[in-house]
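The entries follow the order in which I looked things up.

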Amino acid sequence: MSKHMGKKPGWFLRLLGYKKTQFLTIPLFSIFCSLLAIAVLILLIGKNPLTAFQSLLQGSGWLPKPNYAAGKSILTDLLDMLDAYTPMLFASLAVALAFKAGLFNIGVSGQMLLAGFAATVLVGYQDFPAGLAKPLVVLLGFICGSLVGALIGFLKYRFNVNEVVSSIMLNYIIQYVVGFFIQTRYVDVVSRQSRAIKAAARLTLVDVAWGNMKLRLPLLFIPALLVAVLLYFYLKSTVGGYELKAVGLNRQAARYAGIKVGKRLVSSMTLSGGLAGLAGVTYYLGYYASIKPNELAALGFDSIAVSLLGNSHPLGIIFSSLLITSLDKGSTYMNSTVGVRQEVSSLVTGMILLFSACSAYMRYKVDASLRLALAGFAGTAAALPQQDSADGSGKGGKKA
Amino acid sequence: MNTMIIDGLSYALPLLIIACGGIFSERSGVTNLALEGFLGFGAFTGGLFVALTSSWFANGSTVPMYLAFLFAMLGGGVYALLFALLCIKFRANQVIAGVVINILSVALTGFLTSQINSSVFGEASNKFQLGVSPRWTIPGVSQIPVLGAIFTKFYPFEILIVVLVIFLNYLLYKTRFGMHLRAAGDNPHAVDTAGISVVRVRFAAVVIAGMLAGLGGMCYAYSISTNFSPSIYFGAGYLAIAAMIFGNWKLMPTLAACLIFGLARSGAYQLVGYLKLSSNFTNLAMAIPYALTLLLLIFFSKSNRAPRALGEIYDKAKR
């Protein structure tokens, strides 16, 4: 680090540096690093990384494709992407909320599946009018998810069961039990999935005619954004949010401050589960209309990446889920046009995660070297040992 | 009954060796949720080795199998270095780093398997075919009622695991290294005071964990499916963690936990067959080991004593 001493901080440090912009620059740097790594990989396979990335953007509706099939346009692609984006946003918010309370909700997939299954069976297969069915689906999704979340929180608080292990166990239990019920009772013999739900209960309007195009309208897209904003204010300026964060930062200190830690743990896990439930209904009764038995949605695990990348900040997550969903949606098109494997997009996600996991370290390093560099540049005494000559720089910076 | 014990053991022993990896890592103070990723990557390396060298060996030779175990250990160990780097050097949150390593492992092995299959072997497949592992029966002893099943139709790797676990038990409790390792998990500052590098001990522990988990993954690849495919990620790593917590971070109780899982699983399968239920009920049977784990955790988590410095990033300045 001492090489930064005594000169103006380098452009790189200045770019990443200052505290006020770090929330943006460090995630961007993580994304940049992972894209760079993937670009090298694509080069090694012998394809052009730039066209690969371009086709990713084209596939997800950000850039126009060279040609479209009938009834398709950049707008339909974008709406498709937003349809996948809605559950991703809910799921990531669920992970982030648990994170803020110092818990790790890795059971989002299971909570999603149970909520989706319950809503499918209790509402999706019944003859309710749309005006009743849709709110019921949302409500049911929230309740089912929050029940699972509450169970995990309760086990943690009452029996000291590690929440990671218990939620993973619940994931498998839900996966197999729901799979069992689908295969014995609700299976569609042709598709080997659960029977499709009635259109009235679906949270995505499909085939909405507009001009000569058929659009998909995710009904919960705007509410999802609102939930993110609400969550931001909840964490920022309510007593509950404050206590939740305090518990997450230091459980012991929170207890001394008179916060009921157990209650907070359970309630935050309940809310997190509820959000995961919303993700479940928008996924299984919106983006799809049926459930594939014995499979957990990969989305539930990707949401961990999204939440990490967005620094567990509700507003940051709005953007990070947009990025990851776009990567995911664009990968099919990339595969068909450029011939780069679809798996690359999950590799990008993994890489982003890897670099995001190091973000605390990056922040720490950048801060330290920036402090050092600034101190050396200004000639302040703070970072300098006494022995110094007039030029105000020194070799002693190693110690600081 | 015999089938239940035979299948139960072939399921429980790889689980035990993975859990041993977890014990080594956690006793040194590093929370290890990355076992799932380690075992997948280890099995991938072993599978890759078998696929690449399949033409070198005579048909039906068991040499590639033993070498595959070796390579799986190597692969798991190397991949574990990444995890060690993340959470020891780069001070990442250990829980997060573990999950990151798992997700990356799934993505990486999935991508590499398909890519290598298409560009080296010219076929579209996400699997590496492995040979069939031989199964041994010891004549005489295997005739003993009930207990004889232990010596009937067992996989060669089961012997390997038993030998290895005895050695690990010795390593953890009877050697200086083992003592340093356990101390690093309970009181790292004391280790440091004694002039031993906590970072180095933890690195070693995590790499050992990776090697053991890689071996366990390879065993599953041979015993469950005779190929390497993404289905290797069926949650054995997490089950192993549960077994370890249930076993209170000690080797012998963990063995008991693994046996319970293994026997519960094979028992449930047998029950479905015995009652002549439709194959759909195997789904329910599959859920039983997980439900049992959860239930046992509820009863045993309270009295558990985790290593004291578990999950803490070692900070010299705190001394």
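At what angle do the axes of α6(A) and α11(A) cross, and within what distance do they come? I found that they cross at roughly 145 degrees and come within 6 Å. Axes here are lines fitted to C-alpha atoms, for helices over the stretch in contact, and angles run from 0 to 180 degrees between N-to-C directions.

Before going on, I noted the ground rules. This is a predicted model, in which local features need pLDDT of at least 70 and side-chain atom pairs count only at pLDDT 80 or more, while totals for chains, interfaces and linings use all residues. Residues are numbered from 1 along each chain as its sequence is written, and chains are lettered from A and ligands numbered from 1 in the order in which they are written.

**Entry: α6(A) and α11(A).** I looked up the handedness of this pair. Ala, Val, Leu, Ile, Met, Phe, Trp, Tyr, Cys and Pro count as nonpolar, Asp, Glu, Lys and Arg as charged, and the others, including Gly, as polar.

I then took α11(A), residues 261-287, by itself. Its 27 residues reach 37 Å from first C-alpha to last, close to the 39 Å expected at 1.5 Å a residue (1.5 Å times one less than the number of residues). Of those 27 residues, 23 are buried, so α11(A) is largely enclosed by the rest of the structure. Buried means 20 or more other C-beta atoms within 10 Å of the residue's own, exposed 12 or fewer, and partly exposed in between, with C-beta atoms placed from the backbone.

**Entry: α13(A) and α14(A).** Next I checked residues 314-337 against residues 343-357. The axes of α13(A) and α14(A) come within 8 Å and cross at roughly 160 degrees. That makes the two helices roughly antiparallel (over 145 degrees; under 35 is roughly parallel, 65 to 115 roughly perpendicular, the rest oblique). This crossing is right-handed. α13(A) brings Ile324(A), Leu327(A), Asp328(A) and Ser331(A) to the contact, and α14(A) brings Val344(A), Ser345(A), Val348(A) and Thr349(A). Two residues are in contact if their C-beta atoms, placed from the backbone, lie within 7 Å. I sorted the contact by class: four nonpolar, three polar and one charged residues.

**Entry: chain A against chain B.** I found 38 residues of chain A in contact with 36 residues of chain B. On the chain A side, α6, α7, α12, α14 and α15 each supply at least two residues. α7(A) gives the largest share, 13 residues. By class, this side has 26 nonpolar, ten polar and two charged residues.

**Entry: α1(B).** This helix covers residues 2-27. It has 26 residues and reaches 36 Å, close to the expected 38 Å. I see that 23 of the 26 are buried, so α1(B) is largely enclosed by the rest of the structure. Gly29(B) follows, with a positive phi near 100 degrees.

**Entry: Phe117(A).** I located this residue in α5(A), residues 108-124. Phe117(A) counts as buried because 24 C-beta neighbours lie inside 10 Å. Leaving aside neighbours within four places in sequence, Phe117(A) is in contact with Val178(A) and Ile291(A).

**Entry: chain A overall.** I listed 15 helices and two strands (DSSP runs numbered from the N terminus: H or I of at least four residues, E of at least two). Buried residues make up 50% of the 400.

Notes. A crossing is left-handed if the near helix is turned anticlockwise from the far one by less than a right angle, and right-handed if clockwise.
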